[in-house]
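The following note sets out several points on the model under review.

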Amino acid sequence: PVAGRRRLAGGVLPPILHPMTAALSSEPNFSICVYCGSRPGENQAFADVAAQVGLWIGRHGGQLVYGGGRAGLMGVVADATLAAGGRVVGIIPRVLVEREHAHRGCHELHVVETMHERKRLMAERADAFLALPGGIGTFEEFFETWTWRQLGYHDKPVGLLNQDGYYDAMLAFLRHSVACGFMGEVQMGLIEVNADWRALLGSLVHAAGFPAPDLLSQI
Ligand code: AMP
């Protein structure tokens, strides 16, 4: 597949293009949407892993699609992707431009009118989704992407990084839901949960139909 080009959005405002965009001639090797906290979290491990994820995306010639802010883990993952030479697409609702400190260093910064538009565009521009630690915004995005997969609105891989056991309690509740008969193993099988960010990223990119990560850097 061509990275991030499946089902391109139509009818949206032109993005703000960073001058650096003109210098990037090659297509990204893959495009991954990262959902994560607009706060950094108390545990330094969360910011560290967000930086590792961004560096990995950049070093493998990938594209980060995210919420377009500089705040919290969102800013960390974007800055790390940029520092490693990756492409960054930020998508942010107009009302959040100030609050989430819209990132002017993105190769494309889309300022959209609604949260729905943001999520739709993020989903369209990505080949796979990864949720890192975060708060209710992150939960909402992760669960919506998962439910869209269940409903067949997309067939892209969805991953959850259980860094330092951050999602243990949520995963226990999800298993409780299965035990209570409100969900099946089928739904659980639609997400990939891993505490190892490197293994998870490689698996998601591979599942999205791109070459194995160790081969990507040789392309
Ligand atoms: P949080 O995890 O709460 O720090 O939020 C992470 C990101 O999710 C931020 O960019 C929020 O703007 C975004 N967000 C918050 N609520 C929603 C929502 N209902 N749908 C999509 N994104 C949201």
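Is cysteine 33 buried or exposed? In this predicted model, cysteine 33 is buried, with a relative accessible area of 0%.

1. Cysteines. The structure holds zero disulfides. For cysteine 33, the closest cysteine sulfur belongs to cysteine 36, and at 9.4 Å the two sulfurs are too far apart for a bond. A disulfide would require the sulfur atoms to lie within 2.5 Å, so the 9.4 Å between cysteine 33 and cysteine 36 rules out a bond here. Cysteine 36 is likewise in no disulfide. Cysteine 36 also counts as buried, at 5% relative accessibility.

2. Overall architecture. The chain comprises eight helices and eight strands. Of its 219 residues, 51% are buried. When contacts between residues at least 6 apart in sequence are considered, 73% of them join residues at least 24 apart.

3. The largest nonpolar core. This core contains 37 residues, and those that touch the most other members are Ile32, Val34, Val53, Ile57, Leu64, Leu130 and Leu132. At least two residues each are supplied by the strands β2 (31–35), β3 (63–66), β4 (87–93), β5 (108–112) and β6 (128–131), and by the helices α1 (44–59), α2 (72–83) and α7 (197–207). The greatest contribution to this core, seven residues, is that of α1.

4. The surroundings of leucine 132. Which residues does leucine 132 contact, leaving aside its neighbours within four places in sequence? The contacts are with Val34, Tyr35, Cys36, Ala50, Val53, Thr138, Leu161 and Tyr167.

5. The largest pocket. The volume of the largest pocket is about 530 Å³. Its lining consists of 27 residues, and Gly37, Ser38, Gly135, Gly137 and Thr138 lie nearest the centre. Thr138 is also one of the contacts of leucine 132. Which elements each supply at least two residues of the pocket lining? They are β2, α2, α3 and α4, with α4 giving the most, five residues. By class, the lining divides into 12 nonpolar, eight polar and seven charged residues.

6. The cavity. A search of the whole structure finds one cavity of 30 Å³ or more. The space within the largest cavity amounts to about 40 Å³. Tyr35, Lys119, Met122, Glu141, Glu144, Thr145 and Trp148 line it. The elements giving two or more residues to this lining are α3 (115–125) and α4 (136–151), and the largest share, four residues, comes from α4. Three of the lining residues are nonpolar, one is polar and three are charged.

7. Links between the points. Helix α4 gives the most to the lining of the largest pocket, and α4 also supplies the largest share of the cavity lining. Tyr35 lines the largest cavity and is in contact with leucine 132. Cys36, another contact of leucine 132, is the residue that holds the cysteine sulfur closest to that of cysteine 33.

Terms used
Residues are numbered from 1 along each chain as its sequence is written. This is a predicted model: local features need pLDDT of at least 70, side-chain atom pairs count only at pLDDT 80 or more; totals for chains, interfaces and linings use all residues. Side-chain values use heavy atoms; hydrogens and water are left out. On a 1 Å grid over the protein atoms alone, a cavity is a set of points where a 1.4 Å probe fits but cannot get out, and a pocket is an open set with protein on both sides within 12 Å along at least five of seven lines; lining residues have an atom within 4 Å of a point. Grid points are joined across faces, edges and corners, and a volume is the space filled by probe spheres set on the points. Ala, Val, Leu, Ile, Met, Phe, Trp, Tyr, Cys and Pro count as nonpolar, Asp, Glu, Lys and Arg as charged, and the others, Gly among them, as polar. A nonpolar core is a set of buried Ala, Val, Leu, Ile, Met, Phe, Trp, Tyr and Cys residues joined through side-chain atoms within 4.5 Å. Buried means under 20% relative accessible area, exposed over 50%, partly exposed in between (1.4 Å probe, protein chains only). Contact means heavy atoms within 4.5 Å.
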